Amino acid sequence: MNYEKRTFSGGTHIQDFKEFTNSLETQEAKAPAKVYIPMSMHIGAPSKPLVAVGDLVKMGQKIGESQGFVSVPAHASVSGKVIGFKQLPVPNGRMADCVVIENDFKDEWLEGLIQPEQNPQALDAKEIGARVLEAGIVGMGGATFPSHVKYAPSKEGKKADHIILNGIECEPFLTADHRIMLERPERIIAGLKYMMKLADCPKGVIAIEENKMDAFELMIRLTEQDSTIETIVCKEKYPQGSEKQLINAVTGREVPPGGLPMDVHVIVNNVGTAAAVADAVEFRRPLIDRIVTLNGNGIVRPMNYRVRIGTLYKDLIEENGEVIGDIVKVISGGPMMGFAVYTMEIPVMKGTSGILVFNEESQVLKREEEGPCVRCARCVDACPMGLEPTTIVKAAKRRDWAKTKACDVTSCIECGSCAYVCPSMIPLVHYIRLAKQYVTSKDGNGAVNPFLV
Amino acid sequence: MESINKPLILSCSPHLHSRYTTEKAMRDVGLALIPAVAAAVFYFGFRALLVILVSIASAMASEYACRRIMHRGNTLFDGSAILTGGLLAMCLPPGIPLWAAVLGSVSAIVIGKQVFGGLGQNIFNPAHIGRAILLASFPVYMTTWVPTVGSSVDAVTMATPLALLKAGAMDQLPSLWQMFVGQIPGSLGETSALALILGGLYLIYKGHVDWRIPASYLGTVFVLTALFGMIKGFGMAYPFMQLCSGGLMIGAFFMATDWVTSPITVRGRVIFGLGLGLLTSLIRLFGGLSEGVCYSILIMNILTPIIDRYTKGRIFGRAK
């Protein structure tokens with residue numbers, strides 16, 4: 001059957017490197033001997049630890065209390081004993097306070113959890129919202145925004161008419177969302193329905209990129225009887241998975257600069273988040289694990305793993321995988337927008353979708369010297385936000401921050417399409433980030449803005 | 001972990017690159033010129049090749065010398081000097097004295113490019129700067145043509161189809177087919193429209209050249225010359241002959257499309273092509289010279305920054 005493929009303007013085609021893992025069924029990673037649960041793996045105030053050294057905890061037990069409205073609790077991902085607190089780096093370079101739990105390998109859930117709800121359809125929006133908060137659900141696409149806040153009634157009384165589930169996963173190498181769509185599609189659909197109830201929204205959309213036709217066909221079959229849910233396919237183009245571009249492809253609307261999806265009456269969430277919501281509502285299961293794609297030419301057997309939150313990258317790889325060659329680069333997330341990390345002692349968090357390990361031989365690493373801009377305008381054509389990266393970067397190099405602001409540098413989503421296509425290898429995004437820092441700092445002299453790091 | 005022996009590379013995202021480089025693009029432009037170079041050698045013999053090689057060599061030498069004198073890095077590897085030398089040669093008559101070709105090439109690189117700071121900084125198309133300097137300095141050498149190899153004409157100097165068109169001497173023109181394949185006198189790159197179109201289409205297909213520039217340039221010239229031809233009663237073939245004669249084909253596909261000197265916005269490129277077409281037609285039809293391409297390109301190069309400023313695209317999310 002021929003399906004209409006949606007798309008957005010701008011963007012670029014990139015090699016997706018997904019053939020290594022897109023057909024590999026998710027495996028349970030061996031739980032590590034110790035987990036390090038960060039108190040902040042979400043946007044908003046960090047959780048406050050509720051446990052002390054020596055406390056015995058069960059799996060799924062709340063060990064961190066949410067602070068304020070824009071915050072979520074943290075839970076133990078294994079059963080065992082709290083043996084301390086430690087500060088560990090997170091991928092963006094900042095340090096996070098972590099509760100260290102020694103695994104007793106019994107995997108004993110806390111009483112009261114994993115009890116199937118007898119009649120989940122009878123739950124009202126308030127109860128659903130309470131369970132979403134209790135389970136510590138945040139956006140699992142990477143932004144980790146607390147989900148109960150996203151679905152809370154808007155102050156201005158705005159209502160959503162579409163909830164879009166993001167099954168695009170446009171980042172190369174990553175196949176976590178692809179696998180969850182193939183392996184747990186009913187949970188995703190159930191989660192979407194709870195989200196629609198929470199937001200009092202009449203329509204749900206599941207959007208899938210055309211390089212995942214097996215997932216698309218499965219979803220179409222499972223949703224064809226439901227008139228309130230539509231499954232659509234989008235053309236493969238980076239960055240289709242970007243929230244603004246996805247909303248534009250599905251509804252034709254454009255989120256205004258500085259605005260949120262709710263401004264155009266849409267809510268977007270990752271498919272993984274939807275499955276986690278279904279688990280929370282129907283089983284009171286807290287968010288304690290997620291699918292992570294382990295890939296890169298430094299990994300002998302690339303694989304998709306279901307990993308406990310708090311597992312160190314080092315332990316995940318040592319216990320489950322095998323490394324080859326001299327490792328020179330490790331990326332948390334995808335290669336277009338992910339962070340290169342300086343150590344493997346970083347915990348897997350709610351937003352960690354992939355760990356990419358590269359050795360010296362990798363083609364991915366080659367980078368030549370930056371050359372002069374030749375005004376080819378490939379960056380202008382590639383920018384999904386309609387910006388002129390070359391103009392912005394030339395102004396940034398002259399330290400003309402006012403000009404970068406006039407060129408709308410703050411609308412940049414840092415997708416990396418511009419730097420990807422630049423024939424002179426200019427690190428455009430890097431200069432744009434610098435310009436943003438100056439433009440958004442209070443005094444205009446570049447004092448570091450914590451939301452940009 | 002034992003396998004991490006060195007500090008990890010901490011570069012900024014994005015960590016992938018498309019592998020598309022300036023060198024690759026320049027190489028493809030060179031490839032795209034090969035049919036036209038082959039046609040030039042076919043029609044004008046070995047001398048054509050000599051002019052091309054001398055021009056390229058002097059372009060490379062002057063770029064190397066300039067960069068040394070300015071204490072900047074060597075830029076020969078990016079291929080742009082080779083291309084400038086080659087394109088300039090294609091705009092020269094086959095009989096041009098070699099020292100004039102050298103002079104033109106050196107001016108193109110030094111005045112057309114290096115004084116501005118090198119690749120990416122020049123305002124004018126370097127090859128056309130070289131050609132303009134030669135045209136102003138040595139008008140006789142620049143307008144002395146030779147017959148194609150094997151042609152039956154035995155005059156030592158003759159008029160190009162472009163000059164004939166301007167004079168309205170329609171009965172003396174070669175056939176449209178001859179003009180299309182290149183069996184006509186003219187500059188090295190001006191003869192075979194067929195070879196140039198093939199090369200141009202290759203560049204568009206590979207994504208090195210925005211199709212809008214040649215499309216709007218050639219389209220505008222076609223429409224304006226067709227109008228003119230209709231008024232003057234020159235017949236249906238007139239606008240096609242205009243398209244196939246002079247430096248228009250090579251200008252439209254290879255020179256006007258130069259990245260550095262053309263606008264970066266989509267609408268800007270269409271306007272650029274329109275302006276080029278208008279100027280070329282005006283100069284050809286009403287101006288004192290028979291060829292308008294060179295000056296049209298230089299004039300539109302000057303207008304490129306202002307075109308860029310007024311054709312900025314819409315930002316996502318802002319009012320349409």
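How many residues of chain A are in contact with how many residues of chain B? Select both chains of this predicted model. On chain A, 52 residues make contact, and they meet 33 residues of chain B.

**Stop 1: the chain A side**

Keep the side of chain A that touches chain B in view. Now pick out four elements of chain A: α8 (313-320), β16 (327-332), α12 (417-421) and α13 (428-440). Each of them supplies at least two residues of this side. Colour β16(A) separately. With five residues, β16(A) gives the most to the side that touches chain B.

Next, colour this side of chain A by residue class. You will find 34 nonpolar residues, eight polar and 10 charged.

**Stop 2: the two domains of chain B**

Select 22-141 of chain B for domain 1, then 159-310 for domain 2. The C-alpha centres of these two domains of chain B are 20 Å apart.

**Stop 3: where the domains of chain B touch**

Stay on chain B and look at the contacts between its domains. Domain 1 brings 31 residues into contact with 28 residues of domain 2.

Which elements give two or more residues to the domain 1 side? Select α1 (22-44), α2 (46-69), α3 (80-90) and α5 (126-137) of chain B. The largest share of the domain 1 side, 11 residues, comes from α1(B).

Finish with residue class again. The side of domain 1 of chain B that touches domain 2 holds 25 nonpolar residues, four polar and two charged.

Key. Residues numbered from 1 in each chain as written. Chains lettered and ligands numbered in written order. Predicted model: local features only at pLDDT ≥ 70, side-chain atom pairs only at ≥ 80, totals over all residues. Domains from an automatic or database assignment. Contact = placed C-beta atoms within 7 Å. Nonpolar A, V, L, I, M, F, W, Y, C, P; charged D, E, K, R; others polar.
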